[in-house]
Amino acid sequence: MGLKTQKQKHTLNLKAVKNKMSSRLPIPVYHFLPYKDILNRKGYPILLQDDTYADLLNLPGKDLDFLDAEGANSSKSIIADFHTLLSTYLEDFDIKISQLPADTRVQQATWGKELIKVEVQMSDDSLDERHYNQLLQMRQTILREISLEKDVVSDIKHQEYTAVIYGKTLAALEKNRRDFIANAGLAFTPEPVTLERKKMVLYQINNPGETLELEEK
């Protein structure tokens, strides 16, 4: 299970892929992924209501209008990889689209380190007034940038694509997860989802006021 033993011959049909992508249907999210818990073990698998399992993989966005014409990250390569995945991966999976807050933790941490450096320098009693005022201005700039990054998290959401992988057992889930990643190719590259992000996604799913788009296979 998971992979075809003999690959059937397929021709890359861009129109078919586009039609498939346009066939997403809005569904009530509380019908999509009924879950019990996120297990506290490696990878944080999701326990479903029927005592089977699921996991989430982030599908990084690709802006096809600005990609190189050739190479592993070209639009042709990405479409070919997605076409191969749809042609060879046999286990059940879904692709969902949701609106999640932008993640600016890295930026905030970077500015936070700079703030510490500036405040350490400001504590030096030997500073002349000119140097102190320069550091004070720098500190104000850093605090303003940190505030902006926090506002981004509060006010800006971005569209995120997530693959939901299923398995009847934890071992089957892990195998299906590996197979999905292996068959996604170099250009179409799934990434692990953090525990915090999983909680956000499942909160959306458990909120009847939310909707998401489900790719019809």
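1. In helix α5, the buried residues are Leu 173, Asn 176, Arg 177, Asp 179, Phe 180 and Asn 183. Viewed down the helix axis, the buried residues of α5 fall within an arc of 165°, so they line one face of the helix. The model discussed here is a predicted one.

2. An α-helix has 3.6 residues a turn, so residues three or four places apart point the same way. On the other side of α5, Ala 171 and Ala 182 are exposed.

3. Just after α5, Gly 185 takes a positive phi of about 85°.

4. Which residues have the most contacts inside the largest nonpolar core? They are Ile 165 and Phe 180, in a core of 16 residues. Two or more residues of this core come from each of β4 (53–59), α2 (75–88), β5 (93–101), β6 and α5. Strand β4 gives the most to the core, with three residues.

5. Strand β6 comprises residues 157–167, and Val 164 is found in it. Val 164 has a relative accessible area of 0%, so it counts as buried, for which the cut-off is under 20%. The C-alpha atom of Val 164 is separated by 6.2 Å from that of Ile 95, although the two residues are 69 residues apart along the chain.

6. The second largest pocket has a volume of about 210 Å³. Which element gives the most to the lining of this pocket? Helix α5 does, with four residues. The lining includes Leu 170, Leu 173, Glu 174 and Arg 177, together with Arg 41, Lys 42, Gly 43, Tyr 44, Pro 45 and Asp 55.

7. For the chain as a whole, the secondary structure comes to six helices and eight strands. Along the sequence they follow the pattern α-β-β-β-β-α-β-α-α-β-α-β-α-β. Of the 217 residues in the protein chain, 35% are buried.

Key: Residues are numbered from 1 along each chain as its sequence is written. This is a predicted model: local features need pLDDT of at least 70, side-chain atom pairs count only at pLDDT 80 or more; totals for chains, interfaces and linings use all residues. Side-chain values use heavy atoms; hydrogens and water are left out. Buried means under 20% relative accessible area, exposed over 50%, partly exposed in between (1.4 Å probe, protein chains only). The arc is that of the directions from the helix axis to the C-beta atoms. On a 1 Å grid over the protein atoms alone, a cavity is a set of points where a 1.4 Å probe fits but cannot get out, and a pocket is an open set with protein on both sides within 12 Å along at least five of seven lines; lining residues have an atom within 4 Å of a point. Grid points are joined across faces, edges and corners, and a volume is the space filled by probe spheres set on the points. A nonpolar core is a set of buried Ala, Val, Leu, Ile, Met, Phe, Trp, Tyr and Cys residues joined through side-chain atoms within 4.5 Å.
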